[in-house]
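Hi,

Here is the structure we talked about. Please open it alongside this note; my findings follow.

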Amino acid sequence: MTDTPALPPNPHADSLQALNQHILDTGFAFVPGWQMRDWLAPEQLTDWPQFSASWDDMPHDTYMADGGRYRRRRHATLSATAHGIQLEPHQPHYQSLDYNPLNGGVARHFAAVPTEVASGNTMQQVLTFCHQLFSQLGQHTDWHIEVHQFRIEPRPQELGKPTPEGIHRDGVDYVLVMMVQRRNVSSGTTTMHDMQLRELDSFTLTSPLDCAIVDDTRCLHGVTPVEVTDPAQPAYRDVLVVTFRKR
């Protein structure tokens, strides 16, 4: 597991440039929550309580080919140009079997991310950060964006699998995975791999705003199953996943 962030220890003005270079060099980065909070501007995260609470009432993912009942999910589609980001009409999520051999190959219709969450300050700050970073990395400004809210709920008799399809690519250009909250769970370690499936690094998102950023054209990623720590208490792992694909 990574013991120290792969970024400068203090939020200097050139830290985003260092992040950009690190992703260009390695294809991925771990960003600790305190660093993300500085970049997103704490004064702009005014709706964080409402944002994080929106994970509490999500419907189950009914497309789990493994029969699991451990995942809840919502989805939204957006677009971005040099002029900004806008929410698109709600539409299904699709991945080919090449990228998702477990649940791919079908159009999956998930509940929509509530408009007030998608247009809220926290989500907009995260999307703006991604747009700026990925546009610099990809030398591109027009993007198809998808946003996924995931809650993984392990039970004493059932592991929770954040990536039931295993080590994979998402079939996009860039991915950001951001921890929202985790309660009463252990493990959930993110692993990064090269195209030959050799492990490059591993780290665990534990604190709010901890992020994994991935160049999906160069790296594969996975997350180990999470387990309940105290069987008498609720257990869950909530993350926001944002993907950018060039249009």
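W39 and F129 are both buried (buried means under 20% relative accessible area with a 1.4 Å probe, protein chains only). This is a predicted model: local features need pLDDT of at least 70, side-chain atom pairs count only at pLDDT 80 or more, and totals for chains, interfaces and linings use all residues. Residues are numbered from 1 along each chain as its sequence is written, and side-chain values use heavy atoms, without hydrogens and water.

The helices: the axes of helix 2 (residues 33-40) and helix 5 (residues 121-138) come within 10 Å and cross at roughly 90°. Axes are lines fitted to C-alpha atoms over the stretch in contact, with angles from 0 to 180 degrees between N-to-C directions. Helices are DSSP runs of H or I, at least four residues, and strands are E runs of at least two, numbered from the N terminus. M36, W39 and L40 of helix 2 meet Q125, V126 and F129 of helix 5 (contact: heavy atoms within 4.5 Å).

The rings: there are 9 aromatic pairs. Rings of Phe, Tyr and Trp (its six-membered ring) pair if their centres lie within 6.5 Å; planes under 30 degrees apart are stacked, over 60 edge-to-face, the rest tilted. F30 and F203 make a tilted pair, 5.2 Å centre to centre with 40° between the planes. F30 lies in strand 1 (residues 28-31) and F203 in strand 8 (residues 199-204), so this pair ties together parts 173 residues apart in sequence. F30 and F203 are both buried. W39 and F129 are stacked, at 6.0 Å and 15°.

Best wishes

Technical notes
Buried < 20%, exposed > 50% of the residue type's maximum accessible area, 1.4 Å probe, protein only.
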